[in-house]
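Reader: Hey, I'm new to this one. Can you walk me through it?

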Amino acid sequence: MTYPRIWVMGGHRPGDLAQVYALAEELRLPFETRRLVYNWRFWLRGRFMGASAISVRSDVREKTLVPPWPDLIILVGKRAVPVARWVKQQSGGKTRLVLVGHPRVAPELFDLVLTTRQYLTPQSPSVRLQPLTMSRFRQTPKPSEEEQAWLETLPRPHLLLMIGGDTRHWTIRPRTIADQAARLAFRAGRAGGSLIVVGSARTSDDVLGAIEERLESGSCEWRVVRHDFPRFGVLLDDADELFPTADSVSMISESVVTGKPVGLVPVDRKLKGWLLLGSERSMDTNPARDLRRFWKFVLSERLVGTMDEPIASNTPNPVVEAASEVRALLERDLGRLPA
């Protein structure tokens, strides 16, 4: 039985990359990663470039964007959109395109669009509005002996505070997040447990330093993880309660699909956020990416709770349904796929 040829075109954001790889891995089919390096033309964006690969650096284009053309491209990010459309054009229209995230061009140009509620995406037969982003943590990593020993030094319950970082419209202020960490430390201490704080690639040293300084007064046992030990997946699997900062849709989603209690940690709006996003009444019309739409959904559907009242839900990982639909898309063209 012949396997389909699948390319993955990732974006430059870790959360975006995690989603495309989650979907590709869930297909349980071989896939190849096309790592694209762009020149200045990527600033022209998909709506102006059409189907084109001129935004890819010529030496990279000549090595990576060559036949045999794929049966499927899974892509994310506005930079990859014109390139994927160009590949489909070169294949004579045979390449299927599955976009993760906001299309920024007509969704009918893709065979499938998998997106979430922070975007205002036009309705289309190809669009699937997912409740959460797709998570790679279908099977969490097994802790090493060193990681297990580290975790066992801390009394339970383990509360995990997961910190993202500044986005275009939102910010994590060191003093504010330090106060929030102290609230969680008090909650952990009252239960006889401990607080673990973990940052991400977007977390500034100032934020982690402020948390460490604030927690030194000590209402419970606590640790701040700075250097990928223990690994994030291990901490996620170990924790009894999860508290992601609201700037990270991917961390919120990863937390929810664990089935553990989740409490949303608020973030502050930048001046740019106040100017460009406006009031809540404008959420249904303003085309800007607005995280408040996503927060409103997960809170109203009781997928998450607050810092004081975290909520556990049984929402499945949306990657399972998405992978099933992508396999069906391929089978319509190629016949039955390998199990």
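Predicted model: local features only at pLDDT ≥ 70, side-chain atom pairs only at ≥ 80, totals over all residues.

Reader: Okay, strand S4: how many of its five residues are buried?

Author: Four of them are, and that makes S4, residues 96-100, mostly covered.

Reader: And how do S3 and S4 pair?

Author: In the parallel sense, over five bridges, with S3 being residues 72-76. To spot one of the contacts, look at Leu72: its bridge partner in S4 is Arg96.

Reader: Which helix does the chain go through from S3 to S4?

Author: Helix H4, residues 81-90. That β-α-β crossover is right-handed.

Reader: What about S4 and S5, how many bridges there?

Author: Three, again in the parallel sense, and S5 covers residues 112-115. Val98 has Leu112 in S5 as its bridge partner.

Reader: Which residues of S5 are on which side?

Author: Leu112 and Leu114 are on one side, Val113 and Thr115 on the other. All of these are buried, so both faces of the strand are covered.

Reader: Which residue in S6 stands opposite Thr115?

Author: That's Leu129. S5 and S6, the latter being residues 127-129, pair in the parallel sense through three bridges.

Reader: Switching topic: what's the strand order in the open sheet of four strands?

Author: The order is S10-S9-S7-S11, and the pairing is parallel.

Reader: Which ones are the edge strands?

Author: S10 (221-225) and S11 (241-244), each of which pairs on one side only. From one strand to the next, the twist averages 15°.

Reader: How many bridges join S7 to S11?

Author: Four, and the two strands run parallel, with S7 spanning residues 158-162. Have a look at Leu160, which stands opposite Leu242 in S11.

Reader: Now the rings. How many aromatic pairs does the structure hold?

Author: Four. One of them is Trp69 with Trp86: the ring centres are 5.8 Å apart and the planes are at 90°, so this pair is edge-to-face.

Reader: Where do Trp69 and Trp86 lie?

Author: Trp69 is in the loop between helix H3 (58-64) and S3, while Trp86 is in helix H4, so the pair ties together parts that are 17 residues apart in sequence.

Reader: Is Trp86 buried or exposed?

Author: Buried, with a relative accessible area of 18%. The cut-off for buried is under 20%, and Trp69, at 22% relative accessibility, counts as partly exposed.

Reader: And how far apart are the ring centres of Trp170 and Trp295?

Author: They're 4.8 Å apart, and the planes are at 65°, so that pair is edge-to-face as well. It links distant parts of the chain, 125 residues apart: Trp170 is in strand S8 (residues 170-171) and Trp295 in helix H11 (residues 291-300). Both Trp170 and Trp295 are buried.

Reader: Which residues do ring pairs link into a cluster?

Author: Trp7, Trp69 and Trp86.

Notes. Residues numbered from 1 in each chain as written. Heavy atoms only, no water. Buried < 20%, exposed > 50% of the residue type's maximum accessible area, 1.4 Å probe, protein only. Pairing = 2+ DSSP bridges. Right-handed = clockwise from strand over helix to strand, strands pointing away. Axes fitted to C-alpha atoms, helices over the stretch in contact; angles between N-to-C directions. Phe/Tyr/Trp six-rings, centres within 6.5 Å; stacked < 30°, edge-to-face > 60°.
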